[in-house]
Amino acid sequence: MSLDLKTREQIRELNAQAWHDFKAHWPMEVLEFLVDLGAGTLLGVLLGLSLVLYVIERYPA
């Protein structure tokens, strides 16, 4: 199936717009990813620490 010229132009414009948006906003996307990663890591560390403290308190040596 062949695309007509108007559809190809629309696809080209949408790709150009998407690329422009990516170039304009990629630092924020990276920052959001790093914040999510850091928050997940912090949550994991805190849950692990609370589990270790619970076990130490519940079953003293």
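What share of the 61 residues in the chain is made up of buried residues? In this predicted model, buried residues account for 0% of the 61 residues in the chain. The chain holds one helix and zero strands, and because its radius of gyration is 25 Å, well over the 10 Å that the globule rule gives for 61 residues, the chain is more spread out than a compact globule.

**Overall form**
- Taken along the principal axes, the box that the C-alpha atoms of the chain fill comes to roughly 75 × 30 × 10 Å.
- Y59 and I11, which are 48 residues apart in sequence, are 65 Å apart in space when taken from C-alpha to C-alpha.

**Surface and charge**
- The chain exposes about 6,000 Å², and 69% of this area is supplied by carbon and sulfur atoms.
- A nonpolar patch on the surface is formed by W19, F22, W26, V30, F33, L34 and L37, which together have about 760 Å² of accessible area.
- Among the side chains of the chain, 5 are positive and 8 are negative, and the centres of these two sets lie 8 Å apart.

**Two residues in their places**
- W26, one of the residues of the nonpolar patch, has its place in helix α1, which covers residues 5-58.
- W26 has a relative accessible area of 44% and is therefore partly exposed, since that class lies between the buried limit of under 20% and the exposed limit of over 50%.
- Y59 lies in the segment after α1, and because its relative accessibility is 58%, Y59 counts as exposed.

Definitions and conventions
Residues numbered from 1 in each chain as written. Predicted model: local features only at pLDDT ≥ 70, side-chain atom pairs only at ≥ 80, totals over all residues. Heavy atoms only, no water. Patch = residues over 30% accessible without salt bridge, like charges linked within 9 Å, V, L, I, M, F, W, Y side chains within 5 Å. Areas by Shrake-Rupley, 256 points an atom, 1.4 Å probe, with all protein chains shown as cover. Salt bridge = Lys/Arg side-chain N within 4 Å of Asp/Glu carboxyl O. Helix = DSSP H or I, 4+ residues; strand = E, 2+ residues; numbered from the N terminus. Buried < 20%, exposed > 50% of the residue type's maximum accessible area, 1.4 Å probe, protein only. Rg over C-alpha atoms; globule rule 2.2 N^0.38 Å. Lys, Arg positive; Asp, Glu negative; His and termini not counted. Charge placed at Lys NZ, Arg CZ, Asp CG, Glu CD.
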